[in-house]
Amino acid sequence: MNYLSVENIAKSYGERVLFENISFGISKDQKIAFVAKNGTGKTTLLNIIAGDESADTGQVIFRKGIKTAYLSQKDDLDLSLTIEQTIFNSGNEILNIIEQYEAAINNPEDENAYQEAFELMELNNAWDFETQYKQILSKLKLNNLNKKVSALSGGQKKRLSLAVILLNKPDLLILDEPTNHLDLEMIEWLENYLIKEKITLFMVTHDRYFLERVCTEIIELDQGKLYRYKGNYSYFLQKKEERIAIEQTTVEKAKNLYKKELDWMRRQPKARTTKSKSRIDDFYEIEEQAHKRRNDHQVQLEINMERLGSKIVELHHITKAYDENKLFNNFDYVFKRGERIGIIGKNGTGKSTFLNVITGSIPVDAGKVVIGDTVKFGYYTQSGIHINKGQKVIEVIREYGEYIPLTKGRKISAGQLLERFLFDRKKQHDFVEKLSGGELKRLFLCTVLIQNPNFLILDEPTNDLDIVTLQVLEDFLLDFPGNLLVVSHDRYFMDKIVDHLFIFEGDGIISGFPGNYSDYRVYEDSKPSSAKEIIKKEDTRKADPKKGQLSYLEKREFGKLEKDIANLEKKKITIEDKFVNNEIEAEKINETSLKLEEIIRELEEKEERWLELSMKVE
């Protein structure tokens, strides 16, 4: 069943053409990712589909009667409402029934109103929906329902927008970078939710693990053309590589033929026959194909790094708190030369504050931070780059000098450096305010790296960067000989570049782990499960399950469930590891993805039943 058809749409801003003659369709139950470089119009395309922008030509046709929801980069929330009011004002009929029941409970003297509300809850199965509604808010850390939207941070507003969309259960869900502003725990929950739910999905994301596990199809906009891949991210990478190899072979053949035809053209007399005119027309087609070249410039990051001495950074019993919120307490660490450390933890546990303490932007409450004499920080912050009004891209870089030193005594101009960061000569003279979000991030990254740092500190560097830039940045960081300290919720990125973790656990506790993120997840998942580790569903409306002993059959079932859950967890980890290590054959990727999805679904069902039985013996 076709939900959406995009027919020959085009969009330009002045002379800048984003895309032309784009056509594709989205059918029921498809989970599609849209992949393209920064600045090629990913967000613009989503806005056109959602009706927030208009295309220059073409049309978007929706199937009659389908419900669509769009999570955009911009929040459209009423600042005067509370979190709870925002949820209940979203037009969801079942939420209105729950609200009516809440009001009836608060007025117990009106028995008729209570009975009517209770019957509506039963008729619409609203008990389960209420449980899900509370679980979604809890998972997205939106626990203070009376908090005003105006008092929320940017990340909290994005999570509230996501909660409203998920609760309204649209037929077609359109997501623009849904993992931004989510911590790792939230991302993994959202992953599992979207895998489990029967929902049609079209999204833009740079999170490659998210692409791998959620999407079953990828549409790529490359060099102005659309390509569809019926598989997940691993399949896409393989097939794209094959496609480019075929294209390069075709161009090489055309070049050889072009040389022969060029020689023939030069030898032709002025008076030509009809037959030769046909060959001339063919020649111009061959010429066009022979001169076709991919615009795949790679960001060549070979910046010269200043020498690091023996003393790097020493943290002696550092403590930092804001009122009652203790971020880190009495923390000690001495950085060694060349360490590559990733920082993970829930939002609000002090990760960015920790980076600001190390760089001296924020003072500690107690303890001491000692910086070695040779240390030169390069600090990429979430706040982004400060731009003067009317400033051009080239002018931003020239603030750091006309020439930039490279390795082996070489140097390049500011303009050449920008070209290596995928800003062509024309783009260099654009006003910075015309850049896309991803291009701004890339420019900021450039200004950090050209200062020859030997200790790189990156706070969420992957947000808004396209996959091509991420891959090149990862390659650079793997070769970077200095120290690296990075906060990121991009698990793929973290797995590739760090070999040690600081885990911010909250309440001032920072623990260390010798390995990358996947190593840490395997370690955590291998711990024995307990009733406390399984999230309990709270349903205050229904009667509590009966307490007491389990029957003989229930005891047997309970014991078997524990074994089944452990076995399913092992199977899940084994398959996920194969995806991470690219150990799955291309033709088996779809089959293995479906198998993983089935395991996750079965695991959740067994955990729910285990919880149900465990509550009887509390």
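**Exercise 1. Find which residues of helix α1 are buried.**

Step 1: Look up the rule. Buried means under 20% relative accessible area, exposed means over 50%, and partly exposed is in between (1.4 Å probe, protein chains only). Helices here are DSSP runs of H or I with at least four residues, strands are runs of E with at least two, and both are numbered from the N terminus.

Step 2: Go along α1. The buried ones are Lys-42, Thr-44, Leu-45, Leu-46, Asn-47, Ile-48 and Ile-49. That makes 7 of the 9 residues in 42-50, so the helix is mostly covered.

Step 3: Peek just past the end, where Gly-51 takes a positive phi of about 85 degrees.

A quick note on what you're looking at: this is a predicted model, where local features need pLDDT of at least 70, side-chain atom pairs count only at pLDDT 80 or more, and totals for chains, interfaces and linings use all residues. Residues are numbered from 1 along each chain as its sequence is written, and side-chain values use heavy atoms, with hydrogens and water left out.

**Exercise 2. Work out how α4 and α5 are arranged.**

Step 1: Take the axes, which are lines fitted to C-alpha atoms, for helices over the stretch in contact, with angles from 0 to 180 degrees between N-to-C directions. Those of α4 (residues 111-123) and α5 (residues 126-139) come within 6 Å and cross at roughly 80 degrees.

Step 2: Name the arrangement. α4 is roughly perpendicular to α5, because that label covers 65 to 115 degrees (under 35 is roughly parallel, over 145 roughly antiparallel, the rest oblique).

Step 3: Pick out the contact, meaning heavy atoms within 4.5 Å. Phe-118, Met-121 and Glu-122 of α4 meet Ala-126, Trp-127 and Glu-130 of α5.

**Exercise 3. Describe the surroundings of Thr-205.**

Step 1: Check its cover: Thr-205 has 5% relative accessibility, so it counts as buried.

Step 2: List its partners. Setting aside residues up to four places away in sequence, Thr-205 touches Glu-177, Pro-178, Thr-179, Phe-210 and Leu-211. Its side chain also reaches the backbone nitrogen of Asp-207 at 3.0 Å.

**Exercise 4. Find what Gly-309 is in contact with.**

Step 1: Look in the loop between α10 (274-290) and β10 (313-322). Gly-309 is buried there, at 10% relative accessible area.

Step 2: Leave aside neighbours within four places in sequence, and Arg-337 and Thr-374 remain.

Step 3: Compare sequence with space: Gly-309 and Thr-374 are 65 residues apart in sequence, yet 5.7 Å apart from C-alpha to C-alpha.

Key. A polar contact is a pair of N or O atoms within 3.5 Å; within protein, one must be able to donate a hydrogen and the other to accept it, and residues adjacent in sequence count only if both atoms are side-chain atoms.
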